[in-house]
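Here is a walk through one model, taken a piece at a time. Keep the picture open beside the text and follow along.

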Amino acid sequence: FPFPYTPYRIQEQFMEALYGALEAGRVGIFESPTGTGKSLSLICGALSWLRDREQRRRQEEARLLALGAGGRDAPSPQQARPGSADTAGQPDWVTAFVRSKEQRDMVDRLKEEQIRRKKREDHLEKIRHNVRLKYAAKRKRCEEDEAKHLLQLSKEALSQGAGEGALDQLDHNEEELILAEYESDDEKKVVSGLEEDDDDLEEEHVTKIYYCSRTHSQLSQFVREVQKSPFGKDTRLVALGSRQNLCVNEEVRRLSALQLINDRCMEMQKNKHEKKSNEGNEEKRRRVSRTVCPFYSYEQMQFLRDEVLVEVQDIEQLVSLGRRTKACPYYGSRFAIPAAQLVVLPYQMLLHEPTRNAAGIKLKDQVVIIDEAHNLIDTITCIHSAEVNGSQLCCAHSQLSQYMERYRKRLKAKNLMYIKQILYLLEQFVAMLGGNVNQNPGCQAVSQTGTVLKSINDFLFQSQTDNINLFKVQRYCEKSLISRKLFGFVERYGGPASAVKTNKENQKLSGLQNFLLTLQQASDKEGDPPVEAEHDQLRTASPLMQIEGFLSALTNANQDGRVILNRQGTVGQSSLKFLLLNPAVHFAKVVEECRAVIIAGGTMQPVADFREQLLCCAGVDPARIVEFSCGHVIPPENILPIILCSGPSNQQLEFTYQTRDLPQMMDETGRILCNLCNVIPGGVVCFFPSYEYEKQVYGHWENSGLLSRLATKKKIFQEPKKANQVEQVLVEYAKCIQRCSQTGQMTGALLLSVVGGKMSEGINFSDDLGRCVIMVGMPYPNIRSPELQEKMSWLDKTMPRAAGQAPSRVLIENLCMKAVNQSIGRAIRHQKDFASIVLLDHRYTRPSIFNKLPQWIRERTQVKSAFGSAFAELRKVRTHLSYVL
């Protein structure tokens, strides 16, 4: 395998296993701890396979073309012997003729593909080496800019004195809000906007690898690794992202909220296409003046696509290129997908089928690698779950009613029929929450509060909506773009500032404005947490978009999900939530279509969830599943994991819900930390099961004086609840450790964190930032949660018992240990790093729990029943490492 340096043995094993899984078309679960060069191993292993496959395919093509050119496709005398017949009863000469025709067709097809591929490669090579072509494109852009500027000046000159037509213009612009005639059986593919065909480079998708990760920063980091790898110069890579990350139109970017950015972008595209279609009508062209996006230029996006394919670029570089070339990176990058060999994208985009289709992603016979996949099941569940509250339902009903009344005479019968069906659904959903759709949801008290779970069929039956075909309603919403029309309608008339007071028609809409205003005021009075202004706008302006997601969720199979009715205080505060129980139904299409799927992560243990809940339920043959887990590159003496069963005063450590609040348990935890902070240099990170427990323990230590004892050795930091404060706390924590290492007054800093919080994933506590990680108790999830109870019940009904344990019990343990493994994996981040891991609870010694620790930690773990021996080990390790360093 080509590699930028001599690989570790475990990296070679990883690449060999990956290559084998891709070649055999397997579904692989790959685990490689952080600091072992997982990204580089994925790149070099996968791209080596892709390169070899491409070489083999070309050799096979050449062989077949040579056969075709040599006339070898003619039937042999044995094949065409008169009077003989094949097993299907056809004469041999017929069978031979059909076979030879198929061969000729295949040869012709291969020739066409070869010509197309050669044309594409020559084109990209020309761009790579011909700088003049880039300058020509730049000069053409400058000429177009100048022409547009002159045209704008001409329009401004003509528009002077045309003020008398302003009211007429307003009325005409309203045409865009009217729904087009809808034909429910019309399943024609909706063209996303580009009328021009790229005839010269139109091609089918080449074999490629889709690489997915959780965040854009992780994707950018991966792209930088590709750039540094031996494949950095020759790989055609494209990075995909959301409009929020890729849009270069400042007017649109200022909207901030993703849904608003999406809608504004679509509206500007629509304006451009309508403008082109109306070019022959001078009167309309004079009256219609709508904003179009200057970056949505087909020709410029082609230039951008070519430059993306020529040189590997991450999302930041792609955005910068889009600004320079005045081309949209969002659409330009999508045009590059067919010819790309490596497509890098957030995994939400790949796992959600409508988003996948909209992006032009085709998975048939391709390879998918999902990195950072430890929470893949939760991600699929979240993507396909949906929640709407009473305020959104009532607001959507009011908006849609006003819309229907205003345009009733202009709407066709089918549009009216579907709008009435949606209104009826909204009425019944509000009734299920115990309210009336015609009253202010913030003022309607709910008589019976609490949470109720129902199956999809029961919910539809009890809400009296089972007679409506939700599949047709969903298709109507998708094809008619009704939520976007309604958004434009509310944008124009929903706010007092945007309403034109002189127009009599607008006075009829004051009811809508007042209703939205009372909703906002009621929400403020109820003490809702403050949210950003754009979220307020999104909540009031486009609730139907959220409701469409809920309607779509209700089309899942009855056994795969549940509807949760959460009635709280008022109808506005109450909500309906769809909970997906079986994520495998949405993952099944990915594993069915793809040649191979690799699920990778730094900490994948326990893997039983992936195998049972995701892959087997998705219909994957167990023989197709392969697992690979490698050790760490650090020497064995650089890590000391300890399971501590009792504290300094021999108090047994068992942090159950019943015992963890006892004063003696909190005191014992404080004494352990005091002792450890005395001997451990640098940073100590202590994880608690929840924010509430961390707060409770901190308060107890404050009152008992333990906190002041701790503070003499290490400065104490607490994880903040607000995400925007995390970076500041981490910076102060790091500065304190650096200061202490220089002055020697204190031994470092202590960071009190929370499992599942902001610092338990994605944060590197490398070197002095994390010389010891302490886990207080076992972070079991709240089994009183209705969602978790329903999931447990569903698993017990559908899954087989494993090793005598109920599937629900296995789920609880797995959720706990996934959280533990993510947290304790924060410390060791590279080959020369060293740290201690202390697990405070005797229950970690149970085999079912112990075996779910990562193998590289498990095989080095020591179980200590008494605190004295554990303390001695920690002192010994500290002395050894101080000597080594």
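Helices (H or I, at least four residues) and strands (E, at least two) are DSSP runs, and they are numbered from the N terminus. Residues themselves are numbered from 1 along each chain as its sequence is written. The model is a predicted one, so local features need pLDDT of at least 70 and side-chain atom pairs count only at pLDDT 80 or more, while totals for chains, interfaces and linings use all residues; side-chain values use heavy atoms, with hydrogens and water left out.

How confident is the predictor? On pLDDT, its confidence in each residue from 0 to 100, the chain has a mean of 78, and 76% of its residues reach 70 or more. Residues 280-289 have a pLDDT below 50, and beyond near neighbours in sequence this stretch has 10 contacts in the model (contact means heavy atoms within 4.5 Å). Residues 880-885 are also below 50, with 4 contacts in the model beyond near neighbours in sequence.

Now for the sheet. It is an open one of 7 strands, paired in parallel, and its order reads β14-β15-β13-β16-β17-β12-β18. At the edges sit β14 (714-718) and β18 (862-864), each pairing on one side only. From one strand to the next, the twist averages 20 degrees; axes here are lines fitted to C-alpha atoms, for helices over the stretch in contact, and angles run from 0 to 180 degrees between N-to-C directions.

Strand β15 is mostly covered, with 7 of its 7 residues buried, where buried means under 20% relative accessible area, exposed over 50% and partly exposed in between (1.4 Å probe, protein chains only). β15 is joined to β13 by 7 bridges, and the two run parallel; the bridge partner of Phe688 is Val754 in β15. β15 also pairs with β14 in the parallel sense, over 5 bridges, and here Phe717 stands opposite Leu751 of β15.

Elsewhere in the sheet, β12 (residues 639-644) and β17 (residues 835-840) make a parallel pair over 6 bridges, with Ile643 opposite Leu839 in β17. As a rule, side chains in a regular strand alternate between the two faces of the sheet. Lying across β13 (682-688), β16 (772-776) and β17 is helix α33 (residues 807-824), which runs at about 160 degrees to β16.

Next, the aromatic rings. Rings of Phe, Tyr and Trp (its six-membered ring) pair if their centres lie within 6.5 Å; planes under 30 degrees apart count as stacked, over 60 as edge-to-face and the rest as tilted. The structure holds 19 such pairs. One of them is Tyr211 with Phe222, a stacked pair at 3.5 Å centre to centre and 5 degrees between the planes. Since Tyr211 belongs to strand β2 (residues 209-213) and Phe222 to helix α6 (residues 216-228), the pair ties together parts that are 11 residues apart in sequence. Tyr211 counts as buried because its relative accessibility is 3%, and Phe222 also counts as buried, at 3%. Tyr330 and Tyr331 have ring centres 4.9 Å apart and planes at 85 degrees, so this pair is edge-to-face. Both Tyr330 and Tyr331 are buried. Phe14, Phe30 and Phe628 are linked into a cluster by ring pairs.

Some helices deserve a visit too. Helix α25 (residues 543-553) is largely enclosed by the rest of the structure, because 8 of its 11 residues are buried; among them are Leu544, Ile547 and Phe550.

Where does Ser48 sit? Its place is in helix α2 (residues 38-69), and Ser48 is buried, with a relative accessible area of 1%. A polar atom of its side chain lies 2.6 Å from the backbone oxygen of Cys44. Not counting residues up to four places away in sequence, Ser48 touches Phe1, Pro2, Tyr19, Ile43 and Phe231.

Finally, find Ile380 in helix α16 (residues 376-383). Ile380 is buried, with a relative accessible area of 2%. Its C-alpha atom is 8.5 Å from that of Ala584, a residue 204 places away along the chain. Leaving aside neighbours within four places in sequence, Ile380 is in contact with residues including Leu351, Leu580, Phe587 and Leu614.

Notes
Two strands pair if DSSP finds at least two bridges between them. A polar contact is a pair of N or O atoms within 3.5 Å; within protein, one must be able to donate a hydrogen and the other to accept it, and residues adjacent in sequence count only if both atoms are side-chain atoms. pLDDT is the predictor's confidence in each residue, from 0 to 100.
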